[in-house]
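Let us read a structure together, feature by feature. Take the interface, then the strands.

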Amino acid sequence: MQGIETAIQNAAKKLLAENKVDVVIGFENGSQPLRSTPVFIRKPEDAEKLTWNYTCENNLANYLRKKDQKIGVVVKGCDSRSIVALMKENQIDRDKLYIIGVPCSGMIDRKKVADIVEGKEIVEAECKDDSLVLKGRGFEKTISIADVLHRSCAACSYKNPVIYDEMVAEPVAEQSEDYSDIAEFEAKPVAERRAYLAKELSKCIRCYACRNACPMCYCEQCFVDCSTPEWIGKSASDVQDNLLFQAVRVFHGAGRCTDCGACERACPMGINLRILTRKLVKDAKELFDTEAGVNMEDKPALSTFNADDPQPFLVKE
Amino acid sequence: MLKNLLEYMGVDEGRVNFSWVSASEGGRFAELIGEVTEKVKQLGPNEGLIAKESGCCGCKE
């Protein structure tokens with residue numbers, strides 16, 4: 001981690017000093033332990049602020065759309081897929097982007113950590129290889145990082161960036177993708193699926209953090225914000241509306257969602273959003289044999305048409 | 001994919017129907033709509049995805 005951090009800082013310093021980019025987007029330490037926050041570095045001497053650790057969970061592809069400046073960006077595997085998907089949608093100009101690729105071994109879910117320390121305040125957190133030492137008033141606890149990874153990270157099959165100008169460390173081992181969670185949910189009876197989603201979506205406070213964290217969600221006007229006409233009720237107390245909001249949000253990502261998990265990581269209520277997004281990722285893979293954002297050649301599944309596309313949805317005649 | 005998603009989320013199977021009909025195929029359109037209407041009638045009224053809670057503000061009293 002320390003080596004990666006230094007390499008990122010050096011790369012940023014060099015890019016800014018040589019005027020290759022106007023700004024480097026990366027992470028800096030937040031004001032609390034286990035927090036880091038996106039940072040915009042414009043001067044070479046500020047590059048020391050850049051950090052790399054197990055809490056750099058935001059998808060920085062979110063800051064790259066329709067920018068005139070030359071940008072250097074620190075990119076994980078998931079972010080890199082979002083960048084590729086956005087380039088295909090003409091939202092990012094590759095020539096103005098310098099990608100500092102970082103092989104990622106997953107990010108920590110603070111909610112899981114909070115559960116382990118029973119909600120006590122963590123004053124200091126230190127990473128030692130594969131474990132995390134948490135210190136607070138009157139307690140010290142060592143936990144394994146693998147136990148507190150975000151669900152999206154634990155299941156990630158693209159840990160290494162698919163596109164980069166420079167890689168700051170050796171690639172990490174990949175694992176094969178696994179949609180067994182979705183297959184399992186598909187197999188459940190309708191009533192059980194409804195009940196589960198109702199329970200999950202009843203937690204929703206309609207803060208729209210999931211929408212804002214998603215790099216692929218970039219409509220200038222979102223249907224949930226419209227009041228004339230009011231497409232959808234605004235109150236979080238109506239679970240049906242919450243579910244409709246998610247249905248539309250998720251479907252807008254059909255064939256475009258790279259399963260980066262930024263929505264779920266951003267959710268303050270810990271809603272299992274990927275049970276919905278991954279269904280579409282799985283379908284795109286099964287029906288059209290495509291994955292969003294893994295290479296520049298494949299066209300997004302729903303923006304192409306072939307006469308022999310499968311059409312299992314048609315009414316049987 | 002939309003039909004898949006909706007049925008996955010718990011919309012009754014058979015309630016979402018798609019077909020291709022050209023603007024010049026009036027007869028076929030009428031036939032399809034007839035069939036779909038019949039199918040949906042058999043399913044009965046849509047209860048929605050989530051059982052509505054009684055009470056004024058989401059309370060269960």
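This is a predicted model: local features need pLDDT of at least 70, side-chain atom pairs count only at pLDDT 80 or more; totals for chains, interfaces and linings use all residues.

A: Residues are numbered from 1 along each chain as its sequence is written, chains are lettered from A and ligands numbered from 1 in the order in which they are written, and side-chain values use heavy atoms, without hydrogens and water.

Q: What is the buried area between chain A and chain B?
A: Buried area is the accessible area (1.4 Å probe) that two parts lose on being put together, summed over both. Here it is about 2500 Å², with 65% from carbon and sulfur atoms. On the chain A side, Arg194(A), Phe313(A) and Val315(A) lose the most area to chain B, together 26% of what that side buries.

Q: Which side chains meet in a salt bridge?
A: A salt bridge is a side-chain nitrogen of Lys or Arg within 4 Å of a carboxyl oxygen of Asp or Glu. The count between the two chains is one. Arg194(A) and Asp12(B) form it, at 2.8 Å from N to O.

Q: What is the strand order in the open sheet of chain A?
A: Two strands pair if DSSP finds at least two bridges between them. Five strands run in the order β2-β1-β3-β4-β8, with mixed pairing. β2 (36–41) and β8 (166–167) of chain A each have a single partner strand, so one side of each lacks a neighbour in the sheet. Inside the order, β1 (residues 23–29) and β3 (residues 71–75) of chain A run parallel, joined by three bridges. Ile25(A) has Val73(A) as its bridge partner in β3(A).

Q: Where does a positive phi occur in the hairpin of β5(A) and β6(A)?
A: Five bridges join β5 (residues 124–128) to β6 (residues 131–136) of chain A, in antiparallel sense. Two residues lie between the strands, and Asp129(A) takes a positive phi near 50 degrees. In the hairpin of β6(A) and β7(A), also with two residues between the strands, Gly138(A) takes a positive phi near 80 degrees.

Methods: Helices (H or I, at least four residues) and strands (E, at least two) are DSSP runs, numbered from the N terminus.
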